[in-house]
Amino acid sequence: MSYVDEVLERVKTKNASEPEFLQAAEEVLESLRPVIEANEETYRKEALLERLTEPDRQFKFRVPWVDDKGQVQVNTGYRVQFNNAIGPYKGGIRLHPSVNIGIIKFLGFEQIFKNSLTGLPIGGGKGGSDFNPKGKSDREVMAFCQSFMTELCKYIGADVDVPAGDIGTGAREIGYMFGQYKRIRGMYEGVLTGKGLTYGGSLARTEATGYGLVYITEELLKDHGMDMKDKTVVVSGAGNVAIYAIQKAQQLGAKVVTCSDSTGWIYDPEGIDVALLKDVKEVKRARLTEYAAARKSAEYHEGRGVWSIKCDIALPCATQNELLIDDAKQLVANGVTAVCEGANMPTTLDATKYLQDNGVLFICGKASNAGGVATSALEMSQNSQRLSWTFEEVDAKLQQIMVNIYHNIDDAAKRYGMEGNYVAGANIAGFEKVANAMLAQGVC
């Protein structure tokens with residue numbers, strides 16, 4: 001049995017109840033086969049893959065807090081520190097009812113390679129809770145965040161583990177967590193990213209994941225003799241990533257005609273009105289029905305359906321496993337040229353393979369949504385230097401990072417005879433840097 005198969009079998013046995021983590025591990029290790037087979041004796045002797053697929057440590061803790069009615073509520077908190085071979089653990093905090101240890105491990109494992117691809121010195125980690133901030137008052141959110149950080153603060157630090165935002169964790173939540181960390185530890189340090197601009201946050205961080213997604217998509221198209229101008233784009237999601245991907249794509253001359261939330265989706269053939277979308281989602285925190293009610297050209301549909309709209313480019317920006325095999329078939333039938341992931345693993349494995357087999361240019365999330373964590377690392381640099389860069393400076397650095405990521409994953413795929421397979425290229429390029437660092441540091 002090959003080393004890859006041995007490790008996959010062991011991972012599946014040890015983590016049988018964690019399908020998201022198993023999906024991520026299988027996708028990565030399968031695409032790394034050529035690299036691992038070329039170095040099998042060394043990697044096997046050093047148990048490199050066993051060490052890579054086993055988190056350095058993982059924490060699970062109780063989060064008690066009091067709601068506005070005086071009732072004590074209890075949630076579960078998680079933090080997985082996966083690999084720090086190239087820098088401090090770095091990864092967001094997800095607040096959503098679906099959160100469990102398997103999802104956090106999948107996200108943390110992906111983060112190892114994503115962070116490596118940025119070229120910046122950050123390792124892989126992730127955290128979160130099954131707490132749902134939707135519908136909660138500011139006081140309730142603060143109560144939860146303070147309780148969550150009271151436990152989490154024991155395990156993090158500017159040179160140890162630097163969490164950030166994710167689904168359900170925006171500027172409000174980061175602010176409450178940072179205040180509690182400072183209060184307990186008595187230290188003012190860059191321990192969280194995504195902070196407000198008045199206390200160490202970085203300009204362009206809000207826009208970074210969405211902008212970065214479009215920058216790498218633009219570079220992909222350019223490398224194939226195309227550009228964004230006059231392209232029809234469909235986007236899923238209506239959070240940070242989706243909103244700013246829509247904004248940047250339209251700045252580059254594309255027409256984005258869809259967005260979605262957890263209850264339904266919008267088709268707007270005249271192009272999504274970004275200002276209206278921001279008002280509905282960022283100011284009112286309302287459903288997309290309000291967007292449709294305020295814009296005559298928009299159609300609101302319940303449930304799923306974004307991928308049924310004819311387009312040139314598809315940008316899934318909502319959540320994991322949202323683009324299924326039937327969606328992939330619909331996109332191909334409608335003539336899609338490129339699919340680039342804004343969310344973490346939004347495309348199922350069979351859908352990914354179908355898109356690739358049918359000639360669709362496909363970039364996976366660990367490469368195409370790396371702009372967010374890259375800018376978080378830029379925020380860490382600014383905090384360490386006690387200074388702030390302008391929006392233009394950060395945006396220029398972000399764009400160059402995304403361009404570099406594209407060419408690095410393209411080169412890696414070509415080196416192993418898989419030209420055009422940007423999933424393999426991303427995994428190989430991310431893995432090589434981490435593997436070399438792990439081997440250089442001995443058994444640890």
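Reply: What follows goes through the salt bridges and then the charges placed over rings. The model is a predicted one, and in it the count comes to 27 salt bridges. One of these joins the side chains of R172 and E173, with 2.9 Å from N to O. R172 counts as buried because its relative accessibility is 18%, under the 20% limit, and E173, at 4% relative accessibility, likewise counts as buried.

Another salt bridge is formed by K281 and D261, whose closest N and O atoms are 3.0 Å apart. This pair links distant parts of the chain, since K281 belongs to helix 11 (residues 274-283) while D261 lies in the loop between strand 8 (258-260) and strand 9 (264-267), 20 residues apart. K281 is buried, and D261 is buried too.

A salt bridge with partly exposed partners is found between the side chains of K284 and D279, at 3.4 Å from N to O; K284 has a relative accessibility of 48% and therefore counts as partly exposed, and D279 is partly exposed with a relative accessible area of 27%.

As for charges over rings, K105 lies over the face of F21, at 4.6 Å from the ring centre, and K248 is placed over the face of Y211, at 4.4 Å from the ring centre.

Note on methods: Residues are numbered from 1 along each chain as its sequence is written. This is a predicted model: local features need pLDDT of at least 70, side-chain atom pairs count only at pLDDT 80 or more; totals for chains, interfaces and linings use all residues. Side-chain values use heavy atoms; hydrogens and water are left out. A charge sits over a ring if NZ of Lys or CZ of Arg is within 6 Å of the ring centre and within 35 degrees of the ring normal. A salt bridge is a side-chain nitrogen of Lys or Arg within 4 Å of a carboxyl oxygen of Asp or Glu. Buried means under 20% relative accessible area, exposed over 50%, partly exposed in between (1.4 Å probe, protein chains only). Helices (H or I, at least four residues) and strands (E, at least two) are DSSP runs, numbered from the N terminus.
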